[in-house]
Amino acid sequence: MANVLIIGAGGVGQVVAHKCAQVEEVFEHITLASRTKSKCDKIAEMLPRKIDTAEVDADNVPELVKLIEKVKPDLVINVALPYQDLHIMDACLETGVHYLDTANYEPPEEAKFEYKWQWAYQEKFEKAGLMALLGSGFDPGVTSVFTAYAKKHHFDRIHTLDILDCNAGDHGLPFATNFNPEINIREITANGRYWENGQWITTKPMEEKRVFNFPEGIGDKDIYLLYHEELESLSKHFPEIERARFWMTFGDSYLKHLEVLQNVGMTGIEPVEFQGQQIVPIQFLKELLPDPASLGPLTKGKTCIGNIIRGSKDGEEKIYYVYNTCDHQDCYQEVQSQAISYTTGVPAMIGAKMMLEGKWMKPGVWNMEQMDPDPFMDDLNQYGLPWQETWLDKPFQ
């Protein structure tokens with residue numbers, strides 16, 4: 001049985017704490033830490049068993065090191081902000097502790113995210129005999145494992161990959177984001193990008209639109225092409241893929257509010273002077289918007305996230321669709337959180353479980369698709385994210 005330190009007490013941190021607490025045979029001792037200890041204490045009061053809480057500034061490596069040395073965890077689960085990934089990785093290296101996160105590093109001063117900064121840690125972690133598992137959320141994370149599972153069991157070769165992320169939930173508010181507003185808006189307002197024939201193709205934000213009929217009663221939804229980090233790792237680790245794209249649903253009201261906020265400069269990441277102080281517009285906007293963790297009791301409907309994969313097996317071309325649907329209200333009943341946080345937090349727990357049980361444990365820095373998908377897929381069914389698979393008659397265009 002293991003001792004884990006969870007860093008981050010937002011919506012995802014709340015789910016990770018709940019799910020780890022449910023699996024006592026693996027997670028014997030849990031400490032939840034964030035910049036605001038009262039948030040950790042509030043989550044701790046919800047849980048079926050006792051956990052420890054602590055205060056830590058995840059931007060401060062010496063402070064992180066001090067906490068890790070005090071807690072002595074076997075693994076640090078990082079569900080803080082992507083800006084803080086490298087600080088936490090540095091602290092893990094200094095203290096000799098394994099590392100896991102759900103989203104790749106993003107520099108605060110630039111709306112750009114890629115794996116190069118974390119991949120550069122490969123030799124350091126390998127020499128230290130430590131493992132860093134990157135992107136153990138849903139997308140990236142489960143979508144990466146879906147791809148590896150499809151290749152292992154259904155295809156000799158993958159030709160095209162489309163990842164479709166649908167949130168058909170409704171919280172009734174004029175405008176709110178389902179995870180950290182700053183990260184969410186930076187991601188959505190960036191240029192789209194996809195992989196095709198060995199190169200990256202760039203599109204304008206929301207330029208590419210399709211309609212897809214999602215299963216389990218969700219129906220037709222507008223989906224828009226975005227760039228998402230798993231495209232970078234999947235195109236690297238499956239170089240046979242000719243085209244890889246990522247799509248996400250957005251409602252008209254959300255897009256209209258976002259357009260207005262962009263037009264008046266509220267989504268900017270460059271500091272501006274206001275009454276003698278330097279403020280970053282998007283960080284100020286974040287303070288005005290609803291906390292994603294507060295949306296749980298308000299949100300009704302489902303999410304559906306999955307992969308459409310076209311490939312060949314024994315010379316025959318096939319189209320495979322593997323996906324999960326998740327009900328917002330069911331998630332709230334279980335862990336007092338909406339499904340967006342749930343679908344990220346559950347895979348973080350499962351990834352940690354894979355590492356601590358030795359099923360996924362080797363020194364270095366690794367993406368999810370580089371691991372054996374089978375035990376992870378089994379645990380998705382066991383711990384709240386059951387998946388479905390089917391064969392399609394026609395490709396996704």
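Leaving aside neighbours within four places in sequence, with which residues is phenylalanine 250 in contact? The close-up views described below, all taken from a predicted model, begin with this residue.

**Figure 1. Surroundings of phenylalanine 250.** Apart from its neighbours within four places in sequence, phenylalanine 250 is in contact with Ile188, Met206, Asp222, Tyr224, Leu226 and Leu255. Phe250 is also one of the residues that touch the most other members of the largest nonpolar core.

**Figure 2. The largest nonpolar core and a second, separate core.** The largest nonpolar core contains 88 residues, and Ile6, Phe27, Ile77, Phe250, Trp360, Phe376 and Leu380 touch the most other members. Helix α13 (residues 339–356) supplies the largest share of this core, with 9 residues. In soluble globular proteins, nonpolar side chains tend to be buried together.

**Figure 3. Helix α9 and its burial.** Helix α9 spans residues 230–237 and is largely enclosed by the rest of the structure, because 6 of its 8 residues are buried. The buried positions are Glu230, Leu231, Glu232, Ser233, Leu234 and Ser235. Of these, Glu230 and Ser233 also belong to the lining of the second largest cavity.

Figure 4. Cysteine 92 is buried, with a relative accessible area of 0%. With a relative accessibility of 0%, cysteine 166 counts as buried.

**Figure 5. The largest cavity and its lining.** A search of the whole structure finds 2 cavities of 30 Å³ or more, and the largest has a volume of about 40 Å³. Its lining consists of Thr160, Asp162, Ile308, Ile309, Arg310, Ile319, Pro395 and Phe396. Strands β7 (157–167) and β15 (302–313) are the elements that give two or more residues to this lining, and β15 provides the largest share, 3 residues. By class, the lining of the largest cavity divides into 5 nonpolar, 1 polar and 2 charged residues.

**Figure 6. The second largest cavity and its lining.** The second largest cavity holds about 30 Å³ of space. Tyr115, Leu134, Gly135, Pro140, Gly141, Ser144, Glu230, Ser233, Asn367, Met368 and Glu369 form its lining. These residues comprise 4 nonpolar, 5 polar and 2 charged.

Methods
Residues numbered from 1 in each chain as written. Predicted model: local features only at pLDDT ≥ 70, side-chain atom pairs only at ≥ 80, totals over all residues. Heavy atoms only, no water. Buried < 20%, exposed > 50% of the residue type's maximum accessible area, 1.4 Å probe, protein only. Helix = DSSP H or I, 4+ residues; strand = E, 2+ residues; numbered from the N terminus. Core = buried A, V, L, I, M, F, W, Y, C linked by side-chain atoms within 4.5 Å. Contact = heavy atoms within 4.5 Å. 1 Å grid on protein atoms, 1.4 Å probe; cavity = no way out; pocket = protein on both sides within 12 Å on 5 of 7 lines; lining within 4 Å. Points joined across faces, edges and corners; volume = space filled by probe spheres on them. Nonpolar A, V, L, I, M, F, W, Y, C, P; charged D, E, K, R; others polar.
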